Number of protein chains: 2
Amino acid sequence: MDEAEAIARLRRIATDPAARGLLDDAAVFDGLVITHDSIAEGIHFLPFDPPASVGWKLVAVNLSDLAAKGATPSAALLSLTLSGDGDWEAGFIGGVGAACGIYGLPLIGGDTIALPQGTPRVLGLTAIGRAGARVPDRSGGEPGDGLWLVGNLGDAGAGLELLRADKTATGALVEAYRQPVPLLAAGQALAAHAHAMMDVSDGLLLDALRLAEASGCSAVIDLDSLPLSDAFKAARGDDREARLFAATAGDDYALLAALPADPSTLCLPSGPTITRIGSLAAGVGSLQLVSGGKPVTLPERLGHEHRGNSASPMAGRA
Amino acid sequence: MDEAEAIARLRRIATDPAARGLLDDAAVFDGLVITHDSIAEGIHFLPFDPPASVGWKLVAVNLSDLAAKGATPSAALLSLTLSGDGDWEAGFIGGVGAACGIYGLPLIGGDTIALPQGTPRVLGLTAIGRAGARVPDRSGGEPGDGLWLVGNLGDAGAGLELLRADKTATGALVEAYRQPVPLLAAGQALAAHAHAMMDVSDGLLLDALRLAEASGCSAVIDLDSLPLSDAFKAARGDDREARLFAATAGDDYALLAALPADPSTLCLPSGPTITRIGSLAAGVGSLQLVSGGKPVTLPERLGHEHRGNSASPMAGRA
């Protein structure tokens, strides 16, 4: 079975309201927002990534799900696999500890298991956050809402390509791939106002389509408006090809919010940029891309559709 | 690093009281008991085990941790890996659904990731239960407490040996290995009275030593008293060798409780047997084994010390 079919089967047994139909980044239970994301070697990180960065990333991708729900980090359980490389594991635990420390996420439990030697590592984290007064899901977007993006696009995808070409690559783009920053404060500020919100982990176009589908709307994205960092533009330029790459590369851990008003009227934290990148319109789960006011043909691949942590809302929970 | 060292490093960053020093089967947070256990192919289950039984086991081993804390199952998040075998995955999901249905554990979230083809599966579950009025940990045992065991010992270990010799083996012992039964009602009944409680997953002797160490006591176990099923005795006999096997084989998912009184005065559910198997005495984290009133030399291997889900309290959280 493919992932979509697996999710469909899981949805049949996940009938509790807290499951939100497995259509959201996280479950909401008892005033808590709870998420679990695993990452696998060769799929979500590179075998030669520094182990501390892998530990950091595992924490950050889970915190990004909490950020998308406006939750405040409260506790985590780590699922650690040991493959017999003590230096790697020490580095990994150090990275987990660094991220937990910086973001105020107490590690309260988990488990440790051995894997058969030589098998790819699979590492998981359950992150628990306290829900705010509102917990936006993906399905509340309305025609007329602006689509706003917190953060930049494409940096991590460009960094991954640099690393695939040269294991020793360094710089801002490589850092963006290896050490994503969860946008917790922005998520908390927007959660009170957003009709819908999610994090962008599998590619903007794929994730925006998911939000549109869940909301029963059509999404229109203006390719020209996508926020690109100076480092990205220096490495890949700013033409349509570069912008399509940024819109589909994934691993951004930006936030995508459907907002009824201009967020300049909201009290947002300084730091990450917030950019209007499009809007929702009447329609049924479709996506339009425009540039210079004219329609642009959608690329065949909207994001990490078949890569694992993707392909469906539940699968996309990184 | 070995597991003990990994746990020691994790303990240094897990300083929150909810972590209980990573010395317990589960974390206690906000009135909830939360546990996460992963199982790996070739370590915790056999590649040829029916996939539905693997799904069942993943749920059951997590519920066993909730049982040991007297918690009531409330919600679960599944970490599913897809390896490209749709029939296997469909069977696995069916087994998860069956166990969640029978034990009233709503599936509310999780994630789905692809693994590189041909790599051993790693599957995880986060189980959340509501805490009762008391949540016994491992460290409250006192000299003079009786050590009581709910359930039998050795069935699953004997079943695993049968399967290793013959993939097509069937019967009660094989069932005990593949489909453990979490002792939720007994755990809830004992939690109000137990000074200390834990589930026995890595071998009675190893787990009893852990309870004794955490409680700062000496444990005395009477080999002659260990409860063995008729199926076990028919397959392996009832001599000292058989009893030492049962005391160290693991995968029992029995409950071990340090109780101040005879539990016949408590209101226990009918079904699983409860047997006095020893007592706690003054001392510091040691274990004595007796038979016919005489000391028995401890076997070199007390349980699954280096198998993965073992070797330390946090690692032993299956």
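## The loop that holds A:Asp30

In this predicted model, A:Asp30 sits in the loop of chain A that runs between strand E1 (27-29) and strand E2 (32-40). Most residues other than glycine have a negative phi. A:Asp30, although not a glycine, has a positive phi of about 60 degrees. Its relative accessibility is 42%, and A:Asp30 therefore counts as partly exposed.

## Two loop residues of chain B

A positive phi is also found at B:Tyr253, a residue other than glycine whose phi is near 55 degrees. B:Tyr253 belongs to the loop of chain B between helix H9 (240-248) and strand E9 (254-259). Is B:Tyr253 buried or exposed? With a relative accessibility of 5%, B:Tyr253 counts as buried.

B:Ser270 lies in the loop that links E9 with strand E10 (274-281) of chain B, and with a relative accessible area of 73% B:Ser270 is exposed. Although B:Ser270 and B:Ala185 are 85 residues apart in sequence, their C-alpha atoms are 9.3 Å apart in space.

## Helices H2 and H3 of chain A

Two packed helices are described by the angle between their axes and the distance between the axes. In chain A, the axes of H2(A) and helix H3 (residues 86-103) come within 6 Å and cross at roughly 40 degrees, which makes H2(A) oblique to H3(A). The crossing of these two helices, H2(A) and H3(A), is right-handed. On the side of H2(A), the residues that meet H3(A) are A:Pro51, A:Ala52, A:Val54, A:Gly55, A:Trp56, A:Leu58, A:Val59 and A:Leu63. On the side of H3(A), the residues are A:Trp88, A:Gly91, A:Phe92, A:Gly95, A:Val96, A:Ala98, A:Ala99, A:Cys100, A:Ile102 and A:Tyr103. Sorted by class, the contact of H2(A) with H3(A) has 15 nonpolar, three polar and no charged residues.

Helix H2 of chain A, which covers residues 51-68, also contains A:Ser53. At 5% relative accessibility, A:Ser53 counts as buried. When residues up to four places away in sequence are not counted, A:Ser53 touches A:Arg178 and A:Gln179.

## Helices H2 and H3 of chain B

In chain B, helix H2 (residues 51-68) and H3(B) have axes that come within 6 Å and cross at roughly 40 degrees, and H2(B) and H3(B) are therefore oblique to each other. The crossing of H2(B) and H3(B) is right-handed. From H2(B), the contact is made by B:Pro51, B:Ala52, B:Val54, B:Gly55, B:Trp56, B:Leu58 and B:Val59. From H3(B), the contact is made by B:Trp88, B:Gly91, B:Phe92, B:Gly95, B:Val96, B:Ala98, B:Ala99, B:Cys100 and B:Ile102. By class, 13 nonpolar, three polar and no charged residues take part in the contact of H2(B) with H3(B).

## A helix pair across the two chains

How do helix H1 of chain A and helix H3 of chain B lie, and at what angle do their axes cross? The axes of H1 (residues 3-13) of chain A and H3 (residues 86-102) of chain B come within 10 Å and cross at roughly 15 degrees, and H1(A) is therefore roughly parallel to H3(B). The crossing of H1(A) and H3(B) is right-handed. In H1(A), the contact involves A:Ala6, A:Arg9, A:Leu10 and A:Ile13, while in H3(B) it involves B:Ala90, B:Ile93, B:Val96 and B:Gly97. This contact of H1(A) with H3(B) has six nonpolar residues, one polar residue and one charged residue.

## Nonpolar cores and a covered helix

In soluble globular proteins, nonpolar side chains tend to be buried together. Which residues touch the most other members of the largest nonpolar core? Of the 120 residues in this core, they are A:Phe92 and B:Phe92. Leaving aside neighbours within four places in sequence, A:Phe92 is in contact with A:Pro51, A:Ala52, A:Val54, A:Gly55, A:Leu58, A:Leu78, A:Leu80 and A:Leu123.

Helix H6 of chain A (residues 184-191) is mostly covered, with six of its eight residues buried. The buried residues of H6(A) are A:Leu184, A:Ala186, A:Gly187, A:Ala189, A:Leu190 and A:Ala191.

Notes
Residues numbered from 1 in each chain as written. Chains lettered and ligands numbered in written order. Predicted model: local features only at pLDDT ≥ 70, side-chain atom pairs only at ≥ 80, totals over all residues. Heavy atoms only, no water. Axes fitted to C-alpha atoms, helices over the stretch in contact; angles between N-to-C directions. Helix = DSSP H or I, 4+ residues; strand = E, 2+ residues; numbered from the N terminus. Parallel < 35°, antiparallel > 145°, perpendicular 65-115°, else oblique. Left-handed = near helix turned anticlockwise from the far one by under 90°. Contact = heavy atoms within 4.5 Å. Nonpolar A, V, L, I, M, F, W, Y, C, P; charged D, E, K, R; others polar. Core = buried A, V, L, I, M, F, W, Y, C linked by side-chain atoms within 4.5 Å. Buried < 20%, exposed > 50% of the residue type's maximum accessible area, 1.4 Å probe, protein only.
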